[in-house]
Amino acid sequence: MSVLIYGPNQVNLKFDGNQVLAHLQAATNRRFAEGRGYFLTMSGTGDDGRELRVSYWMRPGIPLLFSYDAEEITGEPAQPVEVTDDTVDVLVEVMDRPLGVIFGFSPEHGNYVPFVHGEPPTTGNAD
């Protein structure tokens, strides 16, 4: 499991594999080079079993550490990640949305999906 370690309190944000985190790192680098921050919204299950959604404000100047798996689950060396400009462009575009980049939210697939592009659905009736 790859991990983004965020802030002076070293909050661990876990990702399944290296692919998603590598693209997030490239998009974060591009965004920070412009001097701009973004929200990273995570959804999952807390230690007590309750569903959580937490948004982190990512900005230049706050310590970040990207930690990648060196081995696959099988024990084989991890394969190199090919970072594609198209995927990085999508992430940078999504960073302008109110909830920013969203990981782990999908009512159709339970609490964890590696990446969801778009805003979570609203609940209730629309007038």
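## Sheet

An open sheet is built from three strands, ordered β4-β3-β6, with mixed pairing. The model is predicted.

Strands of a sheet pair through backbone hydrogen bonds, in either the parallel or the antiparallel sense. Strand β3 (residues 38-45) and β6 pair in the parallel sense, over three bridges. L40 stands opposite V101 in β6.

## Aromatic pairs

There are four aromatic pairs in the structure. One of them joins F15 and F103: the ring centres are 5.0 Å apart and the planes stand at 90°, so the pair is edge-to-face. F15 belongs to strand β2 (residues 11-15) and F103 to strand β6 (residues 101-103), so the contact ties together parts that are 88 residues apart in sequence.

Are these two residues buried or exposed? F15 has 2% relative accessibility and therefore counts as buried. F103, at 3% relative accessibility, also counts as buried. The cut-off for buried is under 20% relative accessible area.

## Second largest pocket

The second largest pocket has a volume of about 160 Å³. Its lining includes M1, the run D16, G17, N18 and Q19, and also D69, E71, E72 and I73. A78, Q79 and V81 line this pocket as well. By class, the lining of the second largest pocket comprises four nonpolar, four polar and four charged residues.

Conventions. Residues are numbered from 1 along each chain as its sequence is written. This is a predicted model: local features need pLDDT of at least 70, side-chain atom pairs count only at pLDDT 80 or more; totals for chains, interfaces and linings use all residues. Side-chain values use heavy atoms; hydrogens and water are left out. Rings of Phe, Tyr and Trp (its six-membered ring) pair if their centres lie within 6.5 Å; planes under 30 degrees apart count as stacked, over 60 as edge-to-face and the rest as tilted. Helices (H or I, at least four residues) and strands (E, at least two) are DSSP runs, numbered from the N terminus. Buried means under 20% relative accessible area, exposed over 50%, partly exposed in between (1.4 Å probe, protein chains only). On a 1 Å grid over the protein atoms alone, a cavity is a set of points where a 1.4 Å probe fits but cannot get out, and a pocket is an open set with protein on both sides within 12 Å along at least five of seven lines; lining residues have an atom within 4 Å of a point. Grid points are joined across faces, edges and corners, and a volume is the space filled by probe spheres set on the points. Ala, Val, Leu, Ile, Met, Phe, Trp, Tyr, Cys and Pro count as nonpolar, Asp, Glu, Lys and Arg as charged, and the others, Gly among them, as polar. Two strands pair if DSSP finds at least two bridges between them.
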